[in-house]
2 protein chains.
Amino acid sequence: MRQPFSYVSVSEAWDKMAKAGVELLESERVSTHEALGRILAENVVSQTRIPRDDITHYDGYAIRSLDTSNAGVNPVLLKVVGKIYPGERARSGIQEGEAFYVATGAPLPDGSDAVLALEMTRPVGNDRIEVRAEVRLGEHVIRAGADVEIGDIVLPKGKTLSSQDIALLALLKIESIEVLKKPVVSILSIGDELVDKMSPHSFLLSRWIEFHGGVPIDLGIARDNINDIRNKLLEALKADVVLTIGACSMGEKDLMADAIKSAAEPRLIFHGVKIKPGRVSGFGMLSGKPIVMLPGLIQSTIVGFHFLVLPLLQSIRGLPLSSAWNTVTAKLAESLDFRKFTPFKKATFVKVEQTSDGLVAHPIRGDSSFFTTVTKANGIVMAQENVTHIEKDEIVVVHMLPN
Amino acid sequence: MRQPFSYVSVSEAWDKMAKAGVELLESERVSTHEALGRILAENVVSQTRIPRDDITHYDGYAIRSLDTSNAGVNPVLLKVVGKIYPGERARSGIQEGEAFYVATGAPLPDGSDAVLALEMTRPVGNDRIEVRAEVRLGEHVIRAGADVEIGDIVLPKGKTLSSQDIALLALLKIESIEVLKKPVVSILSIGDELVDKMSPHSFLLSRWIEFHGGVPIDLGIARDNINDIRNKLLEALKADVVLTIGACSMGEKDLMADAIKSAAEPRLIFHGVKIKPGRVSGFGMLSGKPIVMLPGLIQSTIVGFHFLVLPLLQSIRGLPLSSAWNTVTAKLAESLDFRKFTPFKKATFVKVEQTSDGLVAHPIRGDSSFFTTVTKANGIVMAQENVTHIEKDEIVVVHMLPN
């Protein structure tokens with residue numbers, strides 16, 4: 001039997017991981033169209049102006065507002081001298097008493113400073129329109145550069161690029177950008193009882209690593225002997241981060257910590273975290289690479305991944321801890337009791353649903369080994385160290401899980 | 001100039017789309033590992049039990065609880081007669097006064113009904129352990145079938161399969177499942193001014209269609225003439241749903257509605273929706289396929305997509321309208337005014353942020369043509385038809401946008 005653990009608090013765990021000497025990921029240049037989900041390693045500064053010219057926001061007539069200043073009293077006739085469509089330019093500027101038909105998005109001719117919407121006028125004869133109300137300076141006009149000015153930081157360093165961002169970059173004709181390299185994360189499952197080529201746990205973590213911008217490598221299964229574990233760990237070190245699943249509890253075959261300790265320069269930095277489930281999680285360094293030991297019961301695996309691995313993936317990217325999680329606030333549908341693990345953080349899997357009363361979090365009960373609890377849940381409520389009870393209808397912070 | 005639109009309300013639009021005679025998508029059988037994000041077309045019923053046997057939740061000793069009933073007063077010694085690991089079975093049942101070492105997840109031997117946690121006992125000599133407190137019947141035992149029973153519906157028809165769900169299916173050794181076919185959605189951009197092979201709008205919608213479980217096909221650009229539009233539309237009809245971007249306003253080159261009307265059996269079902277931005281959106285049927293006309297200003301495109309296309313994608317999958325959106329509730333950071341479009345629904349792009357005060361929605365101001373507004377926002381607040389004002393600090397429902 002092993003020594004009982006000396007548990008560290010979750011914030012101590014974060015602190016120790018941050019100070020363990022893990023190298024920051026480098027950046028690389030990628031094509032804009034392949035950059036979805038990547039994290040910007042530079043501020044993106046616009047070299048162009050959008051819109052390029054003053055354009056019309058409506059279908060209508062580009063005019064000189066001055067020509068209409070008395071139109072509310074004495075209707076005026078304007079002569080339509082041309083048509084301008086988006087992407088075109090007027091062949092000439094506008095003169096007193098003139099109008100150009102302009103389609104939404106078209107540039108205004110020089111000298112025009114307002115647009116009369118199509119439905120606010122009527123044609124008179126072949127080439128004239130009647131104006132019966134004053135058109136204000138700038139009406140329906142989008143000024144050049146109103147959306148993006150030259151020199152604007154349109155997307156800040158550290159931002160995870162959304163589809164919207166990529167569309168903006170395409171609009172700005174920015175064809176490549178500097179982004180952080182994707183962290184490569186290897187996953188090693190440990191246990192004689194595992195028979196499938198890829199464990200359900202490893203499948204799940206692989207998808208979540210992808211969701212969080214990493215590249216998972218499944219290393220399959222190591223048997224419950226220290227040589228097999230150590231050999232597989234050495235293979236795992238080609239990655240930026242190593243995750244192990246299982247073999248980190250107090251049993252006779254729980255050899256993960258021993259495998260790290262038996263290495264050339266062992267650095268088992270902590271083993272045991274004040275979080276429940278997930279308390280037998282641990283962290284070490286091997287050849288400069290971080291290794292997170294995750295327990296094998298599925299809810300423990302998930303809690304360890306969510307609260308230890310996600311922060312680590314942020315810190316090796318130089319991003320703030322708080323950006324690791326997507327959280328929402330919700331009303332708790334049932335009270336929660338935690339008398340047994342007072343000095344621990346306590347995770348409860350919940351299903352968050354939108355109701356007419358706002359978001360409501362329904363606790364999903366079930367042993368920490370239960371997969372069905374996990375499939376029914378979409379979030380985790382974390383009760384803080386000294387909390388022993390959370391009342392029904394209290395507003396709680398929910399850590400949302402990816403799909 | 002065209003006729004002014006006869007606007008339908010958003011709920012009328014949904015109703016008309018639902019009744020337009022769009023065919024439901026069929027289902028298909030896929031390998032479980034390829035089913036992430038797919039929608040179940042059947043209830044998944046378990047043929048197995050998880051756990052298969054009564055197992056231990058802790059590392060410790062499987063015992064007979066009866067043997068410890070007086071241990072609080074008179075400590076008892078139990079003889080350790082074997083070890084059981086996960087995936088193994090005991091060679092024999094347990095007898096009075098005996099214990100088996102069991103590692104987390106291991107099955108209990110026949111006759112054992114409780115587990116004494118490793119840290120609650122101490123070895124005495126080579127093969128005995130001392131028990132100093134009663135161990136309750138069922139303590140630390142997970143009963144066979146406690147997670148999943150034979151015949152349980154583990155995943156209901158209509159569920160979008162998450163990574164967790166796939167992991168559960170793998171655990172249950174279910175290798176293939178019946179899911180809905182992915183809706184194929186073709187996108188046609190219209191406009192002489194478009195020069196890039198793929199418009200930023202089309203890029204954005206393509207990614208969002210993927211996010212919502214569809215397969216986008218970008219058909220490129222049609223010029224502003226009715227023959228080109230019609231020819232491209234015919235090509236687009238190979239998809240389940242056709243989206244067009246642009247050419248649906250009131251200008252002279254806004255030929256989309258004409259293109260539908262000029263077809264053999266024209267069914268322009270509505271053109272003009274009481275939603276702002278996005279009011280010139282429309283809907284028609286061509287050869288039994290639905291066509292959604294989306295406006296070209298980016299925020300209008302997005303609002304039309306979110307509030308018209310997403311419901312359509314649900315209805316052709318036989319799913320409820322309400323499942324089209326991911327919504328949260330948030331506190332509005334600034335008041336909103338909508339005096340100009342009283343009878344319309346009014347969309348405001350917002351950035352939702354988690355604060356110590358819960359979720360807060362910050363309105364992102366900017367003309368409906370602005371891309372920067374879109375990149376800063378992660379959600380849309382929709383003010384209902386008769387709402388002219390929403391006060392700061394009011395709780396609002398936010399439609400979250402994909403990344």
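Some ground rules come before the tour. Residues are numbered from 1 along each chain as its sequence is written, while chains are lettered from A and ligands numbered from 1 in the order in which they are written. Because the model is predicted, local features need pLDDT of at least 70 and side-chain atom pairs count only at pLDDT 80 or more, whereas totals for chains, interfaces and linings use all residues.

**How the two chains meet**

Turn chain A by 180°, shift it 0.0 Å along the axis, and it lands on chain B with an RMSD of 0.1 Å. That is the relation of a two-fold axis. The superposition is by least squares on the C-alpha atoms of residues with pLDDT of at least 70 in both copies.

The contact draws 60 residues from chain A and 60 residues from chain B, where two residues are in contact if their C-beta atoms, placed from the backbone, lie within 7 Å. On the side of chain A that touches chain B, the elements giving two or more residues are β11 (153-155), α2 (163-171), α3 (200-211), β20 (327-332), β23 (358-363) and α7 (371-376). These helices (H or I, at least four residues) and strands (E, at least two) are DSSP runs, numbered from the N terminus. Helix α2(A) gives the most to that side, with 8 residues. By type, the side of chain A that touches chain B splits into 30 nonpolar, 19 polar and 11 charged residues. Here Ala, Val, Leu, Ile, Met, Phe, Trp, Tyr, Cys and Pro count as nonpolar, Asp, Glu, Lys and Arg as charged, and the others, Gly among them, as polar. Also, 100% of the interface residues of chain A are interface residues in chain B too, so the copies meet through the same surface.

**Two helices of chain B**

Helix α3(B) (residues 200-211) has 12 residues and reaches 17 Å from its first C-alpha to its last, close to the expected 16 Å; that expectation is 1.5 Å times one less than the number of residues. It is mostly covered, with 10 of its 12 residues buried. Buried means that 20 or more other C-beta atoms lie within 10 Å of a residue's own, exposed means 12 or fewer, and partly exposed is in between, with C-beta atoms placed from the backbone. The buried residues of α3(B) include F203(B), R207(B) and W208(B). They pack against α2 of chain A, together with β13, β14, β15 and α6 (298-315) of chain B. After the helix comes G213(B), with a positive phi near 85°.

Helix α4(B) (residues 226-236) has I229(B), K232(B), L233(B) and A236(B) as its buried residues. Looking down the axis, these fall within an arc of 105°, so they line one face of the helix; the arc is that of the directions from the helix axis to the C-beta atoms. Over on the other side, N227(B) and L234(B) are exposed. The cover on the buried residues of α4(B) includes β13 (184-190), β14 (215-222), β15 (241-245), α5 (256-261) and β18 (282-286) of chain B.

**The core and some backbone details**

A nonpolar core is a set of buried Ala, Val, Leu, Ile, Met, Phe, Trp, Tyr and Cys residues joined through C-beta atoms within 7 Å. The largest one holds 194 residues, and L243(A), M256(A), L243(B) and M256(B) touch the most other members. Setting aside neighbours within four places in sequence, M256(A) is in contact with I190(A), I229(A), T244(A), A247(A), C248(A) and M293(A).

| Site | Backbone feature | Loop |
|---|---|---|
| A247(A) | positive phi, about 60° | between β15 (241-245) and α5 (256-261) of chain A |
| A247(B) | positive phi, about 60° | between β15 and α5 of chain B |
| K276(A) and P277(A) | cis peptide bond, omega about -5° | P277(A) between β17 (275-276) and β18 (282-286) of chain A |
| K276(B) and P277(B) | cis peptide bond, omega about -5° | P277(B) between β17 (275-276) and β18 of chain B |

Finally, A333(A) sits in the loop between β20 and β21 (336-337) of chain A. With 16 C-beta neighbours inside 10 Å, A333(A) counts as partly exposed. Beyond four places in sequence, A333(A) touches V360(A), A361(A), H362(A) and K392(A).
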